[in-house]
Amino acid sequence: MTPKISIYPDYQSMSLAAADRVLALLANKPNAVICLPSGSTPLGMFQTLAAANQKGMADFSKCIFIGLDEWIGMGAEDNGSCRDLLDKDFLKPIGLRDNQIVFFDGKAIDPQAECDRVNKVVASLGGLDLIVLGVGMNGHLALNEPGTPWDTYAHISELETVTKEVGQKYFEKPTILTRGITVGIRHILESKTAILLASGSSKAEVIKRALAFPVTAKVPATALQNHFNAELILDEEAASLIQK
């Protein structure tokens with residue numbers, strides 16, 4: 001299978017397209033289960049969705065939002081944590097209630113119990129209707145680093161050096177990052193729809209690798225080639241190395 005590839009002129013139009021996909025799902029299923037990333041790439045999508053909500057054009061009151069991942073040792077009160085960023089950029093602006101949010105607690109005494117908890121919640125909800133993903137410079141999806149088995153649900157991830165280095169951009173001062181807690185590749189593959197967002201020339205090489213053969217756990221993003229309903233939403237810079 002080949003994921004659908006949608007290429008837009010720039011970040012703004014790419015973000016609008018991503019928001020349209022979420023709004024279309026919401027129109028068809030108001031109680032959708034949606035898994036969202038934090039970070040800079042989805043920010044434009046979040047701003048568009050929040051604006052739609054404020055104008056009464058989108059109602060998130062029946063949705064359940066699952067957090068994609070978190071740094072081990074961090075929680076919502078820590079500046080730069082995944083929950084902190086997602087709260088600021090999207091969850092609080094749209095006024096979600098706490099019972100609509102399922103997020104990993106990176107400070108949990110028993111991280112494996114956190115994995116089990118989120119796995120059970122996702123299973124009880126019938127799986128993910130939509131998962132929105134970014135892609136790491138090493139091809140990771142969420143914090144599923146290269147080599148992660150594809151039959152894995154939520155799990156603890158040992159972070160590669162590049163992930164630790166890139167992750168520093170979210171913090172005001174140098175921060176030690178060693179492990180993450182994340183939804184698994186199997187969650188991604190079992191989702192009803194998977195969307196990967198990528199913007200900028202720095203992502204061009206990894207997007208090329210994500211679409212290359214063979215499909216391999218060494219490049220987790222290639223897993224989307226095995227998804228029955230995956231879409232890559234890219235700006236022209238991120239898509240620049242794809243053979244058209």
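Biologist: Which residues line the largest cavity?

Modeller: This is a predicted model, where local features need pLDDT of at least 70, side-chain atom pairs count only at pLDDT 80 or more, and totals for chains, interfaces and linings use all residues. Residues are numbered from 1 along each chain as its sequence is written, and side-chain values use heavy atoms, leaving out hydrogens and water. A cavity is a set of points on a 1 Å grid over the protein atoms alone where a 1.4 Å probe fits but cannot get out, and lining residues have an atom within 4 Å of a point. Here the lining is Leu36, Phe65, Ile66, Gly67, Leu86, Leu91, Ile101 and Phe103.

Biologist: Which element gives the most to that lining?

Modeller: Strand S3 (64-67) and helix H3 (82-91) each give two or more residues to the lining of the largest cavity. Strands are DSSP runs (E, at least two residues), and helices are H or I runs of at least four. With three residues, the top giver is S3.

Biologist: How many residues are in the largest nonpolar core?

Modeller: Such a core joins buried Ala, Val, Leu, Ile, Met, Phe, Trp, Tyr and Cys residues through side-chain atoms within 4.5 Å, with buried meaning under 20% relative accessible area (1.4 Å probe, protein chains only). Ile66 and Ile207 are among those with the most contacts inside the largest one. Its residue count is 39.

Biologist: And how many residues does the second, separate core have?

Modeller: That core includes Ala32, Met45, Trp71 and Leu96. Its count is 38 residues.

Methods:
On a 1 Å grid over the protein atoms alone, a cavity is a set of points where a 1.4 Å probe fits but cannot get out, and a pocket is an open set with protein on both sides within 12 Å along at least five of seven lines; lining residues have an atom within 4 Å of a point. Buried means under 20% relative accessible area, exposed over 50%, partly exposed in between (1.4 Å probe, protein chains only).
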